[in-house]
Amino acid sequence: MEIQTLSKARRLLLLYCSFFRITALVVGGGLAMLPVIEEIFVVKYKLLTREELLDMTALTQTVPGIIAINSAVYIGMKIGGVPGALAAAAGAVTPPFTVILIIASLFPRLDPKNRYLLGVFAGIRAAVTGMILVTGCRMFRRTVKTPLEIAVVLIFFVLAIMKVSPALLILAAVPFGWCYVWWQTRRLARAEQQAADGGKPAEKAVEPAAGPRENGGDAK
Amino acid sequence: MNHCLVLFFQFCKFSVLCFGGGYMLIPLLTAEFVDREQVLTMSEFGNLLSVAQVTPGPVGLNTATYVGYVNEGFFGSLAASLGLIAPTILIGCSAAAGINRWKETFLVKGMLKGTRLAAVALIMFAVTIFLGLSVFRTAIPWESLGALFRFERPVLPEGFSVSPAGILICGVTVVLMLKTKLPTTALLLGAAAAGALLSAWF
């Protein structure tokens with residue numbers, strides 16, 4: 001409570017130091033930071049309510065950018081306006097920047113010759129593979145729901161393997177998403193219309209439109 | 001200096017395209033720095049990401065700092081990190097309040113839907129990149145797999161083999177992640193130790 005009356009400068013310092021601490025201590029970044037953020041800003045300083053933090057979490061995952069910096073910027077913005085966002089981002093960047101800079105200047109080329117060190121790297125790479133796999137599967141389960149969406153993901157995946165630039169794929173996904181959502185809303189509206197008319201189940205009227213993928217693609 | 005500016009804008013681009021977390025940077029970074037500019041080899045990139053994953057801090061920022069350093073030294077690191085956060089700050093300061101309100105509008109909804117599907121595909125692609133660095137000893141030979149569709153016998157490239165240690169560690173990590181709540185740090189330390197031990201046998 002008393003923190004609410006803190007001067008602007010103290011607030012910025014608090015933001016800087018908190019995010020410094022968070023990225024200095026939390027391995028893995030992104031969502032792993034969440035419990036620590038909650039402990040500092042919700043429980044200890046009461047600068048955010050739990051609902052605000054939940055909203056923020058949803059938001060940081062929808063806007064582009066890495067999740068850790070997104071959280072810093074949005075929480076900083078909420079607590080201290082634009083200067084707050086800058087202070088929080090600076091705090092979040094400082095520790096990883098320094099640590100990696102030290103490591104990078106010690107080993108400019110990460111190509112160990114020692115057998116055991118090679119083994120250590122191989123072990124971590126294998127673990128990272130597993131982690132990305134689990135993250136990917138969780139994302140798949142959360143996002144991909146209909147057969148059409150599975151097909152779209154597979155097409156994007158094959159295009160990526162065929163060395164189409166990932167940047168291009170993401171950019172192409174935006175107009176596709178617009179067409180898809182437009183088509184979905186229209187289909188829903190038509191189904192409702194059908195249901196309102198009484199008679200047949202909505203499925204029947206929808207069938208022809210559901211056929212070729214181009215309906216959701218760039219035809220319109 | 002000029003090259004630092006290039007790095008800055010490259011990372012701005014990655015940041016804007018990075019929907020769905022730090023792992024999304026993997027396909028973007030490998031396409032740019034391994035395939036196109038060839039300042040890194042794929043195995044160096046794998047090691048770099050391992051270091052980024054083990055050291056505290058968000059994986060995306062760690063990777064950016066490291067890639068910047070490999071390219072242009074200290075100022076490269078600075079340019080890459082700043083590039084990664086600059087768009088976030090711009091978007092955050094201008095639109096943070098609005099986004100929750102716009103979430104239901106057609107344009108935002110469609111963009112999120114499309115980019116999320118692409119993100120899932122690209123993370124699956126990142127998995128295949130990393131399979132080629134851990135479970136298999138070379139990158140996955142997609143050309144050889146293509147031969148299967150033409151009903152020919154696939155010709156595997158030189159040095160392509162399966163690493164038993166890689167399969168074991170990857171599998172155990174997946175199981176532990178799904179069945180237990182062990183922190184990432186513990187998993188990574190265990191994997192590092194297991195890797196060192198297994199390298200003595202294989």
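Predicted model: local features only at pLDDT ≥ 70, side-chain atom pairs only at ≥ 80, totals over all residues.
## Helices α1 and α4 of chain A

Sorted by class, the contact of α1(A) with α4(A) has 18 nonpolar, 7 polar and 1 charged residues.

## Helices α3 and α4 of chain A

Helix α4(A) also meets helix α3(A). Helix α3 of chain A spans residues 50–62, and helix α4 of chain A spans residues 67–106. The axes of these two helices come within 9 Å and cross at roughly 135°. That angle makes α3(A) oblique to α4(A). The crossing in which α3(A) passes α4(A) is right-handed.

On the α3(A) side, the residues that meet α4(A) are A:E52, A:M56, A:L59, A:T60 and A:Q61. Their counterparts in α4(A) are A:I67, A:N70, A:S71, A:Y74, A:I75 and A:K78. By class, this contact of α3(A) with α4(A) has 5 nonpolar, 4 polar and 2 charged residues.

## Chain A as a whole

Chain A has 8 helices and 1 strand. Along the sequence, these elements of chain A follow the pattern α-β-α-α-α-α-α-α-α.

Of the 220 residues in chain A, 39% are buried. Among the contacts in chain A with a separation of 6 or more, 51% are accounted for by residues 24 or more positions apart.

## The side of chain B that touches chain A

Chain A and chain B are in contact through 82 residues of chain A and 93 residues of chain B. On chain B, at least two residues of the side that touches chain A are supplied by each of α1 (2–17), α2 (25–36), α3 (42–54), β1 (57–58), α4 (59–102), α5 (106–131), α7 (164–179) and α8 (184–201). The largest share of this side of chain B, 23 residues, comes from α5(B).

In terms of residue class, the side of chain B that touches chain A has 60 nonpolar, 28 polar and 5 charged residues.

Notes. Residues numbered from 1 in each chain as written. Chains lettered and ligands numbered in written order. Axes fitted to C-alpha atoms, helices over the stretch in contact; angles between N-to-C directions. Helix = DSSP H or I, 4+ residues; strand = E, 2+ residues; numbered from the N terminus. Parallel < 35°, antiparallel > 145°, perpendicular 65-115°, else oblique. Left-handed = near helix turned anticlockwise from the far one by under 90°. Contact = placed C-beta atoms within 7 Å. Nonpolar A, V, L, I, M, F, W, Y, C, P; charged D, E, K, R; others polar. Buried ≥ 20, exposed ≤ 12 C-beta atoms within 10 Å, placed from the backbone.
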